[in-house]
Amino acid sequence: MDYGISPIGVPGGGTAFITNTGTAALTVKVTDVFTYSTSEDPALERVTVSKNESYRIVNEGWTARSIQHDGSNADNRRFDYAKYKADGTLSASDLNSIAHPSLGDGEELIITGSTANAVTFGFPYGKYSIESTGEPAYARVTLNQGESYQFINVGTRLDTVESDGTSKDKLDYVVYLANGTEASRGSGTTAKPQIAVDRYAVITQVTANPVTYGAPYRNFIARPVGGDAISRVELEVGKSYIFHNNGTLMNPIYNNSKKVGSLFDYAIYKPDGTVNSSGFNSQSGPMIPPSGYAIVTVIGPSPIIFDYTDDFSWETSNDPAFLRVTLSKGESYAFTNISDHLRNLHSTASTVKGKYDVVLYKADGTEQSRRNTGNSTFLVGAGKKASVTVTSDTPITFGGIYRSFKASEDDNGIGQTTLEPGDSYIFRNHDSKSNSLRHDKSSGSARFDSASYRGLRLLTSDHFNNTVDPEIVAGGEAIVTNVSDRPITFSYSSKVEAMLNAQAAFHRITLKRGESRKFINVSTLDKALDVISVSGMKWNYMNYKADGTVYSQASDTTQLPLVQAGGYAIVTTVSDVPVTYGAVLGIFDVEDAQVPTGNQVTVKQGESYVFHNTGSQASSLTTDASNESRLYDYAIYEEGSGVNSKVDRAGMDASLPEISLGAGDTLVVTVTSPQAVTFHFKNEIKAEPSTEPALLKTSLSGGNQKIWINRGSQEAPIVTNAKAAGGTYQYTVTDQAGKVIREHKEAIDNQQQVPANANIHLAVAAAAPAVNFGAPYRVFAVKNNDDSKLDELIELIDKEADFTAGQQGKYRFTPKEDGIYRFAVKEKSNFAAQQPIVSLFTDPDFSNQLVSSTEQAQIYGWDYTVLEYEMKAGQTIYVKLTETNSGALQTVIKAAHMALGKDTSYEYGKGNRLNKVILFTGDQIQLDYDLNGNIIRRTKKVFPFTD
């Protein structure tokens, strides 16, 4: 409590809670082996105890530890305490103390403020039952010279009356047997009388200074000698009564509950009607403040006799002390705190060794916390609600102060799902507010992966190999995978639906020394990779932007790359210790990676590489290209990025033995020959595989024509092989308004410059040889104002989509009704090698993109790519199907209107065995069983490729 600046040690797998108790901001530094997040729960539950206030603390299953507080003699901050064992016997006590007593499992502590300055105590949050009580730690009285008081030992052991007197303060005492005969005495002494069980002592203060005397309250009754008359009343089981303290001092109402083995509830109120203290299933003698009152309800099993002085009056009460509800296994109830203070909700769980789930909700209805516990009390904030569900076979009674709580049957009970090792589940939150999944802490160090989403699979949070409970936003969902070797049980609101899921939350890739993988960020968010922390792990990485330029790099590091949206990172383990990497499945795709060896790389036909000169001076690459057998396309870019990159040079089917790169320049090459080409380069040039080809290419013959547009902000070239092919071509360059800039009917030039945002219309006469054309891929696009030649997608009809490397599928689709449509691509073979991308455009030129499947999480398995988009009836959109690396595709594409259901449905077969789960999206999970009824296969079918 009020911890200094020393480091905090946390054991492996442990958790530390930190609460800033100061007035200035607190900075906490942690190493990369920690994860951290904000917490609704503080580190310590703090209680400030003023003079004559009392609190009851019970250790409910926590290891023994010393109580923390800020008491000190110097600050005049002291307290009385009495500690009791689980069987109720007194084990330690002290009057006017500043001690730090240790409180073990099941032990109970009563603390009472004894000085004008309050004492603040701190207890590990959620580990102790803490409540205000009308029972003080000590029965105490301050005596002036000549005044006398009687202390009766009603406990189970010999005990001593204590005092705050010094060696100069004297007293007389006489100890009496139960029958009133004298047993021992002291005169003008400083010795304190020892009083055996059922005996009593009368103490008289002799010297002038006032002295306070006290003895543990449960073991002693303290009364004036020969003073006020005592009255008694027997209270019936199930009845409630009000005791009014009409005097000017705080006074107790003693009772015989311990002797007869009966229990009662009480709620004590101050004169202004606010709660002073309370007790549930109590056997104490509560202290009632002057002009205050207590409502007492006898629980039983037998009546209880209360005795009181003439300062008290009593009457029957229509209100009970506590609102009580007894629940059996699976039953739920909601308790709402209608007061303006924190209040304890009590239970008999610890007494009957029962267990229950409790979910605490904030005043706005959002979930604050949840846990499974056997504690006897927990706090409910003002205006907040607690939902309790009994999980044990033993019924449990819950109770809260009657005037502070309202209660009702709760339809927001808690559901539970157990994930076996390797299982993945999807949890959908159908509530209008966020909900959490809470895992059973009894699973120990069991770990899981989780990824939470909202809307159309937009990632909201994720945790890799962790124990952090997933949070699901309103209407969202979470995928959770058990990656441990033991089952994990999750509990959640009844508004959350849980189903088996065919896809995991994360890619988990373990790489040995020298092994590499390429992690491609297919989302619209920048996202870092994750890793399982192991001592001695190290790796290298090269991190690239979407345009293929280097974003960051590191060697022999433990730092993880932040991968840009549309970019990728190649990671290579360099330590002898294998490293397990994590990447959210659907945010990342993972591919095998070729890492350059030394300062050379060999590129095969159809493959592309990007080379970036990171130095401050020009540098060259050399190749083994030759006119006969080794050819490549290339484009060199200077400043700028993406479509606005400035093109320096470009070539098609080139065999240059050397290429010079200026400082900061980028070269993209694509090998076009069957034989590979090897590129050699210096240290300042960094090389990585590229998903971007060097050129946009086409071949024209027999009267065919094509329109290309320079989308960039600067002039850029197109290149041809007209001279080498012995052919001619016709071209017309026009500006955005269609005005002709220049044209030629029979051109043979190998290159034409196209101004920024201008079009070039290319054509080859029917009788002329075929001519190939190429243009830097980053800045040029094909323009197609006529959609009549595009394939038409028809709803719910399969469209074969098989393309060779570099080809694309282009379609038009016109919806018949408003709503969300799904475009799904199913791979027919070679799943790992194909990476289809579906994109929607507003125009047949495919220049104005609406959305791409790379912007939506792909959680449908290796063989499906899905894009969902809301459309209007009759409004045509244009669909492009490409392969990430411009590779070949063997696929089927299909479009369908999504008639979203409200619920998941289930199909059962023989023996009431679950055969199929039909999700609200139309997706299906098919379950197959062996002869013994064990699940042997879970197959996910993606809508509209379903039955």
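This briefing walks through a few local features of the structure shown above. The model is predicted, so please read every value here as computed from it.

- His-507 sits in strand S50, which spans residues 506-511.
- With a relative accessibility of 8%, His-507 counts as buried, because the cut-off for that label is under 20%.
- A polar atom of the His-507 side chain lies 2.8 Å from the backbone oxygen of Phe-588.

- His-612 belongs to strand S61, residues 608-613.
- This histidine, His-612, is buried as well, with a relative accessible area of 16%.
- The side chains of His-612 and Thr-666 make a polar contact at 3.0 Å.
- Ile-685 is 73 residues away from His-612 along the chain, yet their C-alpha atoms are separated by 5.4 Å.
- Leaving out neighbours within four places in sequence, the contacts of His-612 include Val-550, Gly-664, Asp-665 and Thr-666.
- Glu-684, Ile-685 and Lys-686 are in contact with His-612 too.

**Strand S85, an enclosed strand**

- Strand S85 covers residues 877-883, and seven of its seven residues are buried, so the strand is largely enclosed by the rest of the structure.
- Ile-877, Val-879, Leu-881 and Glu-883 point one way from S85, while Tyr-878, Lys-880 and Thr-882 point the other way.
- Residues on both of these sides of S85 are buried, Glu-883 and Lys-880 included.
- S85 pairs with strand S80 (residues 809-813) in the antiparallel sense, over five bridges.
- Within that part of the structure, Lys-810 stands opposite Lys-880 in S85.
- S85 also pairs with strand S82 (residues 836-841), again in the antiparallel sense, over six bridges.
- The bridge partner of Pro-836 in S85 is Glu-883.

**A nonpolar surface patch**

- Ile-8, Ile-18, Leu-26, Val-28, Val-30, Val-33, Phe-34 and Tyr-36 form a nonpolar patch on the surface.
- Together, the residues of this patch have about 800 Å² of accessible area.
- One member, Ile-18, lies in the segment before strand S1 (44-49).
- Ile-18 has a relative accessibility of 45%, so it counts as partly exposed.

- The peptide bond from Gly-300 to Pro-301 is cis, with omega near 20 degrees.
- Pro-301 is found in the loop between strand S28 (293-300) and strand S29 (304-309).
- A cis peptide bond also runs from Phe-943 to Pro-944, where omega is near 10 degrees.
- Pro-944 belongs to the segment after strand S90 (935-941).

- Asp-198 is not a glycine, but its phi is positive, at about 70 degrees.
- The loop between strand S17 (194-195) and strand S18 (200-205) holds Asp-198.
- Asp-198 is exposed, with a relative accessible area of 52%.
- Asn-465, also a residue other than glycine, has a positive phi near 50 degrees.
- Asn-465 is located in strand S45, residues 458-466.
- Asn-465 is buried, with a relative accessible area of 17%.

Key. Residues are numbered from 1 along each chain as its sequence is written. This is a predicted model: local features need pLDDT of at least 70, side-chain atom pairs count only at pLDDT 80 or more; totals for chains, interfaces and linings use all residues. Side-chain values use heavy atoms; hydrogens and water are left out. Helices (H or I, at least four residues) and strands (E, at least two) are DSSP runs, numbered from the N terminus. Buried means under 20% relative accessible area, exposed over 50%, partly exposed in between (1.4 Å probe, protein chains only). A polar contact is a pair of N or O atoms within 3.5 Å; within protein, one must be able to donate a hydrogen and the other to accept it, and residues adjacent in sequence count only if both atoms are side-chain atoms. Patches are made of residues with over 30% relative accessible area and no salt bridge: like charges are joined within 9 Å, nonpolar side chains (Val, Leu, Ile, Met, Phe, Trp, Tyr) within 5 Å. Accessible areas come from the Shrake-Rupley method with a 1.4 Å probe; for residues, only the protein chains shown count as cover. A salt bridge is a side-chain nitrogen of Lys or Arg within 4 Å of a carboxyl oxygen of Asp or Glu. Contact means heavy atoms within 4.5 Å. Two strands pair if DSSP finds at least two bridges between them.
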